[in-house]
2 protein chains.
Amino acid sequence: MLDSLFRPRAVAVMGASNNPLSIGHIVVKNLKTYGFRGEIYPINPNQPEILGLKAYKSILEVPGAVDICCIAVKNVLVPQMVDECGRKGVKFVIVHTAGFREMGGDGARLEDALLETARKHGVRVYGPNCQGIMNSDPDVSVYANFTFTPLNRGKASIIGQSGGVAELINLNLRKMGSGFRIYASHGNASDVSTNELLDYLGHDPGTHTIMMHIESMKDTPGFIERCRKIARNKSVLAIRTGRTQAAATAVSSHTGSLIQQDSLTDAIFERAGVMRFHTAEEMIAAGYALSNQPVPSGPNVGIIANAGGPGIIAIDECVLNGLNLAQFSEETKKKLRDGLIPEAYVENPVDVAATATPEHFSLTLDLLNRDPNVDAILITMVTPPFVDCEGLARSITEASGKMTKPILVCVQTNENWAGTVAIIRNAGIPVYDYPETASRALAAMARYGEIRKRLAEAPAQAKGDKARAGAILAGAKAGFVSQAAAFDMLAAYGIPAAKTVSVSREPAALPEVTFPAVLKVDSEKIVHKSDEGGVVLNLEDGDALRNAFTDMSGRFPEADFVVQEQCPAGTEIIIGIKREEGVGPVMMFGLGGIYVEMLKDVSFCMAPLSEADAGRMVRKIRSFPLLQGGRGIAPSDIAAIEQVLIRVSRMAQDLPEIGEMDLNPVIVYPEGRGVKVVDARIKKQ
Amino acid sequence: MLDSLFRPRAVAVMGASNNPLSIGHIVVKNLKTYGFRGEIYPINPNQPEILGLKAYKSILEVPGAVDICCIAVKNVLVPQMVDECGRKGVKFVIVHTAGFREMGGDGARLEDALLETARKHGVRVYGPNCQGIMNSDPDVSVYANFTFTPLNRGKASIIGQSGGVAELINLNLRKMGSGFRIYASHGNASDVSTNELLDYLGHDPGTHTIMMHIESMKDTPGFIERCRKIARNKSVLAIRTGRTQAAATAVSSHTGSLIQQDSLTDAIFERAGVMRFHTAEEMIAAGYALSNQPVPSGPNVGIIANAGGPGIIAIDECVLNGLNLAQFSEETKKKLRDGLIPEAYVENPVDVAATATPEHFSLTLDLLNRDPNVDAILITMVTPPFVDCEGLARSITEASGKMTKPILVCVQTNENWAGTVAIIRNAGIPVYDYPETASRALAAMARYGEIRKRLAEAPAQAKGDKARAGAILAGAKAGFVSQAAAFDMLAAYGIPAAKTVSVSREPAALPEVTFPAVLKVDSEKIVHKSDEGGVVLNLEDGDALRNAFTDMSGRFPEADFVVQEQCPAGTEIIIGIKREEGVGPVMMFGLGGIYVEMLKDVSFCMAPLSEADAGRMVRKIRSFPLLQGGRGIAPSDIAAIEQVLIRVSRMAQDLPEIGEMDLNPVIVYPEGRGVKVVDARIKKQ
């Protein structure tokens, strides 16, 4: 556990000096400035005192126990310093120094040496090439970090793989009037990992929300498992950079990690219950709200405005981000009409008018709190010079104290009304500069409510004959299994498929064939069967089948064959699964042919699927309206598609030897008439 | 012209008082506080002096000439006050008072009375229900507005239909360290209109950029014409609220205007050369840069960072918003390698490292300025406590002075480095809090460069026999013209169509028919011809045609018919045009059938089209890859599609009687093999 790291009783600083431009100096200064509750031991062989503190020539001379030693000396000296820390019994070294694995070659070897030394002594390594940690808990108040943002307390913790981005988050959270609980930027993460940090923050009672910056992921299954657990109680937010190819290349040279495809990130985060944001600003705006306000119980927002235009902006942004404009009850509207000025607008958004008084605000807030159609309240207000604005602020904080619905506020103002803003913020109510930002933050809160529900969903139940399918797979060589074997495996999991019979001898005698039939070559060497003349359609009877077989077995002398019932036409879909290295099985769904290949219209989800996951996968593609039907097109059997998704998910879970599976096409028939897999490729890994 | 409004020599204020919570008081105070260079005349029948200024019992007692009279008295008194202003010879009244058309019924009648009175005297009305105007030109310094944002000078002017949104823009522009040139929020806009304001700002030499908030548009053609002219020299930016149905309904009750469909806004703005933004924040970030920095000559950005992570964010955002990461020349890279520290990364983004000095910044900026592959420079910097950050700032401003490429900077810092930020801002270089915001602003600048090019494009040339098509249309009744007439009109404009012959007698004798042929009913009553049995395909010869005709003329005794060559199958597209009321002809393009009807995958553009417009329309749909071909699909004849778009655009321009036209389907053949219109509906209005 990382208790000694985040709640240290003593911190030593190697490289501490009286040069104000040195990192060691700044770390000591930060520890002092922000009131670290433990001991600070500057280490410097040449100076007796640093920043008024007694300095020690070596860590070995320090009198008491040391939990953390911050190291800011030349990179080549670090292994030796770690050795001394080990001999002293230091629990964690925070290596600020850069010039390790991120430089490649010699740097990587130096990092290995450092780790080797640490391991020998049982010292844990945080970094190298990292900013450090902070914990704003007043019992600890540790700022073991060389950066420059003042410590502001808050309920959101920050994990930043890049120090610069962690700083970006922290600085702007502070500009919004909030702060952090724990801050961890761990650079090369050679030992203490993102997952360990997540474990710790998940258990930290002061952390209500976790905000992460991720550049690359290690141990993705572990990440998913932890986040799923944490996100049931605490919101977990993330931005992932390196979304474009150009940026991914730069990340790779910046951190020495492998390039990871961004297309997987959404599927991983969805599975993990992590809320993804595309800008730091949007993440901060949402994290600020999530760490301070209750989660709305539904998507219905009531908006209160004292200027019309910004209220309209709020509607647009709320609705475009998935919220609903609440329909007020008749009672609410009547009481608003009675209590507000005649110029007020008593539909949603309530426009209380610029002249509205604190009493008008109180009345409106109270009515919206009582109205069961309202799940959350958004206020957009200006600070008119002819109104008691601090009174408005107090009416908001008083109302907030009486309700379990979240309140978010956009205050359009300037520094002369700082007192008004402070009253609202000090009550734990987030204040934003823009109605758009407040609306998006509220939408994110509702999204978190949905995530909590999703995390409680059980994996869908699907019966499968694991033993039978496993035996088929066990009998196959690595690579693509035969068509016959693949269809047998589908049958073992009850996945509806065209009746398919293996043929290796004169086929006229096959009693099980259903006509009209299709003869297909079955060879792992022939991938595009149709293109290579390996499929004959419309075989009406045994004679036709025999003739086709004679012809084809001449053309493909080495191959096996299958005879398949010829299915009627329908809508073609593709269902696939790929076991991504270091991630796990990822399912894919899309309409067949051009929709997948040319329009890239596919949805992904990590297995195992819940019933609801399957429903979402089908509905997420842009071309979903074609399955939904209408305008002369019959609705497709969506329930049957979902069943195939669920059974394929089950197969992937049961049989880790399946590396890839592609059901392409699966023919979908109208509602109630099912689906049939026509072609299946399963790759054993 | 609005010179007396924006550059007044004397402003009177009716409703001025010593009550600090009255609007009249605040207007007088603002005029005084911000140093209005002309005369201020408070008007109040009961008080001799207001805020130290002599007050007059009536405007008629004011000694000198009055350009503007601000009116903040009870709504029912306003017409009488305007009458007095008229008698005094006041040029403009700014009516702050609310309670007019926005209230409906009596309010609308009061507004009419006010306008009637003003017209009688030749007084221009600004408002009612409005904040007012401001002009920050030091020669004028007029703040005839009751709002509360301090006057900060800048080069961007603001037009806000909603005072609350105009304020939002102004407040946040100021928070970014910038300000406005002219500010105009004109409320109900009963007389002085958005278009007149645009005219004025277009000619104002101090206005470099115009930022607008639009809720509803009046005189859209006039808006487009003005903006197209202005946007060649000054960027015009806008947000339009009421994008969702819920918000549009609220706008309508807020302003009394009709609900306008948001789907037209993109087409209108594109034609007008107006840059649309979806949040006020993004508009402000872009307007701040556009009003202060040169427009980049291309999309290639060079990024400089002193912390890796934020530089990576900048790449993502730049690339995702249409910019390219510049490829540095070998010379640039070599000199960076020689001049920076070994840990620096000398590809793009250049990571100069946190320890970088002012000299490192100067060197890098100079090299990127010289490199012809770089069109714009984006800097993301932290302010390390161990670096001379003001020196970094000065190296940026000095470099900026020597270059014509734009520089935008994201500074991650706090209030202790306010001096560093001020140095950069005072040189006219925008500073942002987030790398995302800076990147998007830069992308918007490049987009403006594209708009300027687009505005210089000539309408595409297309010959058409206007006289012949006009005569056909003149001979038709209002409503859908006959198929035969529609195909004749297409022929007059050289639009390739299936050969189509009108039949009203025994058809076997028709010499012009090409077999195989199709017989179609031609009646405006029968819209879905195929569904109603009005189409017979595959007529191989005269006998077949005659038989089909006998049958169909029995079933449709009142109708006419056409015989059409049966075109081979191909990709089906739809080309349409609709003359939108108060807007003009809007063209539509999409792939036929499900793509338009179910997937809503269409592009719009206002006529007349340039060659490039036609190209963009085709490429804008999501399903464009299907026309582009590949993966076994032949590329379609895109040039032929563009030609049809251009000719249809020409027709719409030539023949304003065409209310609607739908070419559906048009069959597209592979490259070089053209297109053929198979069905055409033209509605005469």
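This is a predicted model: local features need pLDDT of at least 70, side-chain atom pairs count only at pLDDT 80 or more; totals for chains, interfaces and linings use all residues.
**Stop 1: where the two chains meet**

Start by colouring chain A and chain B separately, then show the residues in contact.

Now switch to the polar features of the interface. Six salt bridges are counted between chain B and chain A. For one salt bridge, show the side chains of Glu317(A) and Arg243(B), where the N to O distance is 3.3 Å. Across the interface of chain B and chain A, 19 residue pairs are in polar contact.

**Stop 2**

In soluble globular proteins, nonpolar side chains tend to be buried together. The largest nonpolar core here has 145 residues, and Ile379(A), Ile396(A) and Phe223(B) have the most contacts inside it. Select residues 435-455 of chain B to see helix α16, which gives the most to this core, with ten residues.

Then centre on Ile379(A) and show its surroundings. Leaving aside residues up to four places away in sequence, Ile379(A) touches Ile304(A), Phe361(A), Leu365(A), Ile396(A), Ile407(A), Leu408(A), Val409(A) and Cys410(A). A second, separate core has 140 residues, among them Ile40(A), Leu340(B), Leu367(B) and Leu392(B).

**Stop 2: a histidine in chain A**

Go to the loop between β6 (92-95) and α4 (105-121) of chain A and select His96(A). Is this histidine buried or exposed? His96(A) is buried, because its relative accessible area is 4%, and the cut-off for buried is under 20%. A polar atom of its side chain lies 3.0 Å from the backbone oxygen of Gln131(A). Among the other residues that His96(A) touches are Ile23(A), Val27(A), Cys70(A), Asn129(A) and Phe146(A).

**Stop 3: backbone geometry**

Most residues other than glycine have a negative phi, and most peptide bonds are trans. The last selections depart from that pattern.

- Show Asn664(A) and Pro665(A): a cis peptide bond joins them, with omega about 0 degrees. Pro665(A) is in strand β29 (residues 658-668) of chain A.
- Move to Asn348(B) and Pro349(B), where the peptide bond is also cis, with omega near 5 degrees. Pro349(B) sits in the loop between α12 (330-339) and β17 (350-351) of chain B.
- Select Ala189(B), which has a positive phi of about 50 degrees. You will find Ala189(B) in the loop between β11 (180-185) and α6 (194-203) of chain B, and at 17% relative accessibility it counts as buried.
- Finish with Asp219(B), where phi is near 45 degrees, again a positive value. Its place is the loop between β12 (209-214) and α7 (220-230) of chain B, and Asp219(B) is partly exposed, with a relative accessible area of 47%.

Conventions
Residues are numbered from 1 along each chain as its sequence is written. Chains are lettered from A and ligands numbered from 1 in the order in which they are written. Side-chain values use heavy atoms; hydrogens and water are left out. A nonpolar core is a set of buried Ala, Val, Leu, Ile, Met, Phe, Trp, Tyr and Cys residues joined through side-chain atoms within 4.5 Å. Buried means under 20% relative accessible area, exposed over 50%, partly exposed in between (1.4 Å probe, protein chains only). Helices (H or I, at least four residues) and strands (E, at least two) are DSSP runs, numbered from the N terminus. Contact means heavy atoms within 4.5 Å. A salt bridge is a side-chain nitrogen of Lys or Arg within 4 Å of a carboxyl oxygen of Asp or Glu. A polar contact is a pair of N or O atoms within 3.5 Å; within protein, one must be able to donate a hydrogen and the other to accept it, and residues adjacent in sequence count only if both atoms are side-chain atoms.
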